[in-house]
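Work through the exercises below with the model open beside you. Try each task before reading its solution.

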Amino acid sequence: SGDDTPYFISYTLDDNDAFEVDASFGAVTTTSRNRFRLPNIEVRVGRYDFDNTGHIYSGLYSGSRYDTEPLPLDNDYRTLREGLWLGTDYAYKAAVESIARKRAALTNAAAPTDKLPDYTRADKFESLAKITRTKVDEAAWRARMAKHSAIFNAYPEVLASGVEFHFNQDTTYYLDTEGTALRYPDDVAWIYARAEGQSPDGMVLRDTLSTPAFTLATLPSEQETDASLTALARNIKAL
């Protein structure tokens, strides 16, 4: 029906390059590199004052059609268009089903005293940041994580431990039917460590370290990380 016509559509795409190294007691245990492009498509049907959102099971679709999946890594226009079109088709059918459930639910419920709109029109905005990708020296990070994790070898009280390095280079793209267009970096890096021991009465003792940062350059230095991991090991020893 006319009430089920889309009045707002938005596309968000995360273009992610993730690198991870895990190490324990001086040895690298896992290394992974993962590239993916994950879309998030929103379709609103109805009107700004009443649409398919804001009720239980919003966005749920009972059909067996194509669901939103990662997009191809190749910059092939036709393949990307097909993936976005199929994802939009799924989001639209889910929205139509949702607004029907919402209408049915409100028919059997008392009308709300405050009739707030479900969505608000916004002025279009454009911000397309320049994107630069950081080259990751994978061999150097494997060696560094192995070295960091070996610190726990000097503490027999530490029965289990691990040190992890994660670096997600992500570019977020956003486009909607109101004219807004965004492109911005959404990177995050962190070193995470955990150590586990056991008290004389058998209680398991755990401590952790997490050092998030937005860039590799702002992560703690190798010397600072060594000092933090040594303090972590000493905490387990002292407990």
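**Exercise 1: Helix 1**

The buried residues of helix 1 are G83, G87, T88, Y90, A91, A94, A95, S98, I99 and K102. Buried means under 20% relative accessible area, exposed over 50% and partly exposed in between, with a 1.4 Å probe and protein chains only. The model is predicted: local features need pLDDT of at least 70, side-chain atom pairs count only at pLDDT 80 or more, and totals for chains, interfaces and linings use all residues. Residues are numbered from 1 along each chain as its sequence is written, and side-chain values use heavy atoms, with hydrogens and water left out.

Task: State what covers the buried residues of helix 1, then compare the reach of helix 1 with the expected span.

Solution. 
1. The cover includes strand 1 and strand 2. Helices (H or I, at least four residues) and strands (E, at least two) are DSSP runs, numbered from the N terminus.
2. Helix 1 has 31 residues. The expected span is 1.5 Å times one less than the number of residues.
3. From first C-alpha to last, helix 1 reaches 45 Å, close to the 45 Å expected.

**Exercise 2: Helix 3**

Task: Find which residues of helix 3 are buried, and explain how they are placed around the axis.

Solution. 
1. Helix 3 covers residues 222-238.
2. T225, D226, L229, T230, L232, A233 and I236 are buried.
3. They lie on the same side of helix 3, because they cover an arc of only 155° around the axis. The arc is that of the directions from the helix axis to the C-beta atoms.
4. An α-helix has 3.6 residues a turn, so residues three or four places apart point the same way.
5. The face turned away from the buried side carries the exposed residues Q223, R234 and A238.
6. Helix 2, strand 4, strand 6 and strand 7 are among what covers the buried residues of helix 3. Contact means heavy atoms within 4.5 Å.

**Exercise 3: Y173**

Solution. 
1. Leaving out residues up to four places away in sequence, Y173 touches Y11, T12, L13, D15, L182 and R183.
2. E222 is 49 residues from Y173 along the chain, and their C-alpha atoms are separated by 34 Å.
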